[in-house]
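Hello,

Here is the structure for you to look over. My notes follow below it.

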Amino acid sequence: MKNLENEYSKLFDELIPDSKEYGFSSFSKSVNVKLFLKDLRRIKPKSYKLILKNLISKREIINLIGYEILEAYFLSKNVLKNLKRYEKKNFFEKKFIRDEIILFKKKQ
Amino acid sequence: MPKYDFDVIIIGGGVAASVAAYNLSKSNLKIACFEQGNYEKNSSNYKKKKLSFFDYKKMNINPNLRKLKSDYLIDDTESDISIANFNALGGSSVLYSAHLPRFLPKDFKQKINKKIYWPLKYEDLKKYYDLNEKILGVSGLSGDKTYPDKIENLMPPVKLGAAIHKIAKAFDKLNWHWWPSYSGVVTSKKDKRGLGTISEPNNSYWPKAIKNKVKIFINSTVIKIICNKKNEATGIRYLNSKKKIQKRSAKIIILASGGLGTPRILLNSKNINFPNGLANSSGMVGKNLMLHPLGWVEGKFPNFLKSYDGPQGCSISSSQFLKKKNKDFKKGYLIQILREPHPVEQSVIKKKLNKLNFGNNFFKNFFSFYGKTISAAIICEDLPETKNMVVLSKINRTKIPNVKVIYKLSKNSKKMISHGIKNATKLMKVAGAREIVSFGPVKHTGWHIMGTARMGSNKKNSVVDKNGKCHDVKNLFIVDSSIFTSSSGVNPVSTICALSFKISDYIKENYYEKFRK
C-alpha cells in the first residue's frame, strides 16, 4: 500500500506540479495523499477499488477522480494561503470603495 | 376527548417549519417537529468556509450523489432540471446562497387562468415579510421601486466590490434597473452572530423555538399521516432514529417538507376516503411543479478583480425584465449577478468546460480566469402545468417510496431563457468582458420546488385554502413552497417564511379553544 501511495503521489504531482512562476506547491506537497485516498474510499468506493487494484494510467486517474483531485487541492490550507498572497500582489482596483458609497447614496 | 401527545406536530425541519414552530411556540403550545435529517451548519458562510475534503463532499447539492442516511433517491430521468436540496434541520438553507427578495405585488394579482389565482394579496403578507426580515436578518437597501412600500427592517447592504461595481455601472449605462440584493448576510455589528454570517433558520428561528420548548425529533422520517373516519388528521407514523416504526398523535398537523417531501407524504398517506392520496380530491397533489429554469452567462474580464470576494449569490439583481411585459413570452425573469465561485467549485466547472487542464500549464490556465469572472443568472418565472409533476416511485429502505420528477421545460421558458441570455450578454459586453460563455437551462438547479399542493379558493383545482388549510382535511395545514400558486421570478424563501407566519397566526387565532381542551 505504501508503495502504491508513493506511486500515486508521483502521478498526482504530474497532474498538479510545482510552479515556481506562481509560487504554488504540487499536489502531494499540499494534500495528505494517504488521507485523500482514505476519504476517497468512503466517497467513491468503486473508483477506490479500481485504484487500489493496480497502478492505473494518468488518463484513467483523470477520468475516475479528476474532479476530486481538484477539490482536495483547492481545499488545502496551503493553497488557500497562497491564493491570499497572490491576491495581495495582484489586486489594484481599489478606487471603487469610495465610488460604492456614492453609488448607494444616489440609489436611495 | 382522546388524549394527544402534542398540540401540534410539524413535519419537516426547513425554513417553513422553523417559522411555524417559532411562531406557535410563543403561545405555550406543546409542539414537536419531525426531521429526517440531522443538525447541520450552513456550509456557505463565506468568511468561515474551511471544510475538509470529506465534509465538502458530504454537502453535495445532489441527493442522488450525496447519499446520506437522510436522503432518498430522486428519479430525474424524465426531468429537464435535476433537483438540488439538503435534508437536515434547516433544510436546504444549509446550502443556500441566502438571496431573500420578496415576491412582487403583481405576482399575487395575476391570474394563471380564470379559475386559478392566489387567494391572497401582497398586502396580506406585508407585515409577515417585515417580521421575517427582522428575525432572520436581511441586508439590503431601502427604496427599491420594484416594491410599492419601503422595506425598512434591513441591515446595510453587502459591499459590492470592484467586480460587481463594474456590472452596476453597466446597468446604469444601459438604463436598466438594478438594486443591491436582499441578502441573508449579517452586515451589522449589532448582530451577535458576527459579520459575514449567513442568516439561516439554524441561527435565528430554531434556537428561539427550542428555547420555547419545541421538541425536535431528528433522524425521524415521517411515513404517513393518520386520519380518523371523520377525515381528521390524528397523528403520524414515523421511522425513528433507531429505524423502528412509531406513532405520535396531535390536534393539528402541519406539513413543512417542501415541494417534494410534502406531496410524497400526502400521496403515501392514502386511505379509504382518499384513495389517490390524502387531501387529494382535486387530483392536484404532486402536480403543477415549478422549478425556476435558469440561464447562465459568464463574462471574463481582462484584470484581476477579486470577483470571488463576498457571498456568491448576494450582490445585485435587476427586475428590469421581470416587471415589463414582453410580446415574445408570458411573465418575466430576474437577472441575478453572481460572484465567482470558490476555487474549489470554479476549478471543477472550468475543467468540465475544458478551460482548465492538468499538467505543466495547470497554473497558467487557472490564473487566466481566477478572480476575473462574473456571472449573471437568469431566473425565469415558471408556469404551473399539470404535466409537470412529482409522483411516487419505488419503496426504499425507509418504508416510504422514493419520488420521480417529471418535468419538461415549456416553450415559454425556453423563449425567456434565450431572451435573458441575449440581454445578459449585452450587459457583460458593456461592462467590458472580453470572453463570454452562456448556456441554459442549467441542469442541476432545481432548488426552488414549488406548486405541488397549490393554494386556491376552489377545492376542485387546489389543495389548500388561503390559510394553508387543506380543503379536504380541516386540521391539516401546509406551510412550505408546495402551496405556491405561481412561482414569480425571484427566490422563494422570504415568501415561504411570510406564508408560514401568516398560516401559523391563523392557527393560533382560530384553534385556541381546541388547544385548551
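From the N terminus on, chain A runs α-α-α-α-α-α-α. The radius of gyration of chain A, taken over C-alpha atoms, is 20 Å, well over the 13 Å that the globule rule (2.2 Å times the number of residues to the power 0.38) gives for 108 residues, so chain A is more spread out than a compact globule. Its C-alpha trace spans about 65 × 30 × 20 Å along the principal axes.

This is a predicted model: local features need pLDDT of at least 70, side-chain atom pairs count only at pLDDT 80 or more, and totals for chains, interfaces and linings use all residues. Residues are numbered from 1 along each chain as its sequence is written, chains are lettered from A and ligands numbered from 1 in the order written, and side-chain values use heavy atoms, without hydrogens and water.

Now the interface. 38 residues of chain A are in contact (heavy atoms within 4.5 Å) with 43 residues of chain B. The area buried between them is about 3,900 Å² (accessible area lost on being put together, 1.4 Å probe, summed over both). Carbon and sulfur atoms give 76% of that area. On the chain A side, F74(A), L75(A) and K107(A) lose the most area to chain B, together 16% of what that side buries.

There are three salt bridges between the chains (side-chain nitrogen of Lys or Arg within 4 Å of a carboxyl oxygen of Asp or Glu). One salt bridge joins the side chains of K306(B) and E87(A), at 3.5 Å, N to O.

Best regards

Definitions and conventions:
Buried area is the accessible area (1.4 Å probe) that two parts lose on being put together, summed over both. Helices (H or I, at least four residues) and strands (E, at least two) are DSSP runs, numbered from the N terminus.
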